[in-house]
Amino acid sequence: RKTRGGAQVILSRSRAHLWKSPPAMLRVADAVMGVEMPRALVKEMQSWARRPLQAGEIGILKSNEGAWRHALKQGWEWTLVLEDDATAQLSGGIRQLLALLPAIVASATACDPQWHLLVLSPHGLEDFFAVCDPA
C-alpha cells in the first residue's frame, strides 16, 4: 500500500509572489535555473536527451530530480511535485488538491498496487508524449 508521502512545489525566484503563504503540508523547493548550471552538466544532460533541450527544460529536469531525491530520503512512497505555476481547477484550489491526495493515492493503489506515475494534467486523453514533445 502506498500510504506515506508528501507534496512539494518547485519555486523559482521570479514566481515567489505566486506562493506567498504556501500550505504548511507543502514542501517548498528552490527551482534549479538551467541557465545558471555548469556548462559540463548541461552538455552531459544534452547527450542523453531525445532532442535538444532548452535551458529551462534542463532546470525543470534537475528540479524534479531534487524533489524525487528528497522524497526518497524521507522514505516517502509517493510524492506530488508541483511547478510554481500550478493551478487546481477545484473550488478550494491547491489546498483542496492537497487534502484530496490521500484519497487519490488510495484510489490509484486500489486500481493498481504497483502504480508508478499519476499525471494530473489539464490535457485530455491525448498521447502524453505527443503533448510533452513538440518535435
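Which residue's side chain does Glu 65 meet in a salt bridge? Glu 65 pairs with Arg 69, with N and O 3.0 Å apart. A salt bridge here is a side-chain nitrogen of Lys or Arg within 4 Å of a carboxyl oxygen of Asp or Glu, and by this rule the count comes to six. This is a predicted model, in which local features need pLDDT of at least 70, side-chain atom pairs count only at pLDDT 80 or more, and totals for chains, interfaces and linings use all residues. Residues are numbered from 1 along each chain as its sequence is written, and side-chain values use heavy atoms, leaving out hydrogens and water.

**Within helix 2**
- Glu 65 and Arg 69 are four residues apart in helix 2 (residues 55–74), so about one helical turn separates them. Helices (H or I, at least four residues) and strands (E, at least two) are DSSP runs, numbered from the N terminus.
- Glu 65 is partly exposed at 23% relative accessibility, while Arg 69 is exposed at 55%. Buried means under 20% relative accessible area, exposed over 50%, and partly exposed in between (1.4 Å probe, protein chains only).

- Arg 15 forms a salt bridge with Asp 85, their closest N and O atoms being 3.5 Å apart.
- Arg 15 lies in the loop between strand 1 (5–11) and strand 2 (26–30), and Asp 85 in the loop between strand 3 (78–83) and helix 3 (93–111), so the pair ties together parts 70 residues apart in sequence.
- Arg 15 is partly exposed at 33%, as is Asp 85 at 46%.
- A network of salt bridges links Arg 15, Asp 84 and Asp 85.

**Another pair**
- Arg 51 meets Glu 57 in a salt bridge at 2.7 Å, N to O.
- Glu 57 has 26% relative accessibility, so this residue counts as partly exposed.
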